[in-house]
Amino acid sequence: MAELRRQVALLRFGNAELHQTVAEKEEAFAHDVLTLLKSGLEISSAGLEAVLSPLREREAALRRQLEANRIETRAAEDGLDRLQRRLETVAEKSSAQLVDLDARSTALQVLRQRALVLEDQLGREELKRRQWEQRARILSGEAGLGEARSWLVEVRGVARDLAGSRSSVEARIADTRKELEIAVAVGSGRIQAPGAVPRNWKERERQLRRLEELYQGELGSITELESFVARVLIDLEGRLSVLSFAEQMDRVAENAEGIWNTELTSVDDQPITVGKVARALLLFVLGFLVSRLLSRMAGRLFSRRRHIDSGAAVAAQGLTFYLLLVVFFLIALDMVNIPLTAFTIAGGALALGVGLGAQNIINNFISGLILLVERPIKVGDICEVDATRGMVEHIGPRSTRVRTFDNIHIIVPNSAFLEKNVINWTLSDNIVRASVDVGVVYGSSTEDVVRVIEEVLEEIDDVLDSPKPQVLFMEFGDNALQFRAYFWIRVSEMLSRIRIASDVRFGIDRVFREAGLTIAFPQRDVHLDATEPIEVRMLPADPENANRPRE
């Protein structure tokens, strides 16, 4: 039995799957039929005229009603004005006069509101007639895809406006009904009249009912037009959804062309479109790549010349790049007919940004250009700024990269090289002077010391012969005779100066030991000043006999 129940369940499950498949096929078939009907739906000229004729008659009737309402409104305004002038001459107004004044005011208010309602209805009837005419053109295929799409956007906007109008009219109907309930209750005596102004509540009830009927008619007109707009939206969406491949390509091309020709702004009567901006950006990017390629070629060309050093070649490469970039930028603007005056606003915004926070970036950028032109430092120089010493590796548009003696890269803003004291060890050439201090004990032969140090300097190859090294007797120090050796070296790397000074010290230490000269070390003489003689006692070296008297 369980097996049979399982088989029955499987059969039911399979049957349900078949029903689902059939339903899906039927839905797809119905969708295809609906699409086919939408694509083939047309309105004949006779049928369109049969629809438009009643709409024109309704428009004419609304215009006649609107004109009659204007006449009635002017008459009511004149009557109310005469009554107000008459009451101004009366010292004490009677209750009947005040009731008449309120009734006339209420009637005039209703007439004015009726004029607004009639104008809105007339506008909606004209809109409906135009929608019918456009609908016929769309369904007959006379209108192009671009017109259909623009009309679809317009109809959707009309649908949103109608929804807002319906909500507004419903709110006015609700307010009118509240006032009507009060008027009915006061007129029947169920509640006391609110306010101090006497009114004809029966007349007020009649006018409020008339106003409610106007709002109800307007709401019906809006609802009818909403239903028609919904049908128009269905026709438009169906027309746009059934497109051949060629029509779809045309649609894509039209959209792309519309975006491409979209005007962003206008300068000197010349439109700035999306296409112009895109072409300008493309040309600028190509100009950037070409500028970088040409500047590198120029840098390699300059570096091959013997009379131009590597720093000058790098500076020439940077200046060439920026110059070519500006030229390509101007060419890109000219090719797409974008005037330079289009950047007036951007220039003002840039100036404002500079004043508010971008001054440091602009300052460093301009400082970088000055460094490339004036060349107080160049690539390969050994510089010292803010206790940072190292070799300049790269001068960029905003900062300079310096590699220290510890092989640590430090990024220094370009403005620091112009605003602070900078020591450039290799500005004009790479020949610098170094010195080594040495002190010898008192009593040493000063001539021998000078001669020995000069011999050491002559033995070291890295010490230049010209300018000639010098050994000077500096001073009589506290603990030594102080000498200083001055010599000139050629700096080729960051540790050259330190390494050569170390070689000089090694040589001095070696030659001093061979010549019997002693390098001094700190010494102190101690003098004791006492008022009485100091007792001096000699003790034996053996601690056991320390207490035994000496014979």
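Guide: Helices here are DSSP runs of H or I with at least four residues, strands are DSSP runs of E with at least two, and both are numbered from the N terminus. By that assignment the protein has twelve helices and ten strands. The model is predicted, so that local features need pLDDT of at least 70 and side-chain atom pairs count only at pLDDT 80 or more, whereas totals for chains, interfaces and linings use all residues. Residues are numbered from 1 along each chain as its sequence is written, and side-chain values use heavy atoms, with hydrogens and water left out.

A residue is called buried under 20% relative accessible area, exposed over 50%, and partly exposed in between, with a 1.4 Å probe and protein chains only. Of the 551 residues of the protein, 31% are buried in this sense. A nonpolar core is then a set of buried Ala, Val, Leu, Ile, Met, Phe, Trp, Tyr and Cys residues joined through side-chain atoms within 4.5 Å.

The largest nonpolar core has 28 residues, and the members that touch the most others are I453, F487, V504, I508 and F512. Two or more residues come to this core from each of β8 (431–440), α11 (446–459), β10 (481–490) and α12 (496–515). Helix α12 contributes the most, with six residues.

A salt bridge is counted where a side-chain nitrogen of Lys or Arg lies within 4 Å of a carboxyl oxygen of Asp or Glu, and the structure holds 24 of them. In one of these, the side chains of D503 and R499 meet at 3.8 Å, N to O; both residues lie in helix α12, four residues apart, which is about one turn of the helix. D503 is partly exposed at 29% relative accessibility, and R499 is likewise partly exposed, with a relative accessible area of 36%.

Elsewhere, salt bridges with shared partners join R58, E125, K128 and E224 into one network. Within it, the side chains of E224 and R58 meet at 3.7 Å, N to O, a pair that links distant parts of the chain, with E224 in helix α5 (residues 201–241) and R58 in helix α2, 166 residues apart. E224 is partly exposed, with a relative accessible area of 34%, and R58 is partly exposed at 36% relative accessibility.

Helix α2 (residues 45–88) also contains E59, which counts as buried because its relative accessibility is 3%. Leaving out residues up to four places away in sequence, E59 touches L122, E125, E126 and R129.

For comparison, most peptide bonds are trans.

A separate strand arrangement belongs in the picture as well, where two strands count as paired if DSSP finds at least two bridges between them. Five strands form an open sheet in the order β6-β5-β4-β3-β7, with antiparallel pairing. Strands β6 (409–413) and β7 (423–424) stand at the edges, each with a single partner strand, so one side of each has no neighbour in the sheet. Strand β3 (residues 382–385) is joined to β7 by two bridges, the two running antiparallel, and E384 stands opposite I423 in β7.

Finally, the chain as a whole. Among contacts between residues at least 6 apart in sequence, 68% join residues at least 24 apart. The protein exposes about 35,600 Å², of which carbon and sulfur atoms supply 56%; accessible areas come from the Shrake-Rupley method with a 1.4 Å probe, and for residues only the protein chains shown count as cover.

Notes. Contact means heavy atoms within 4.5 Å.
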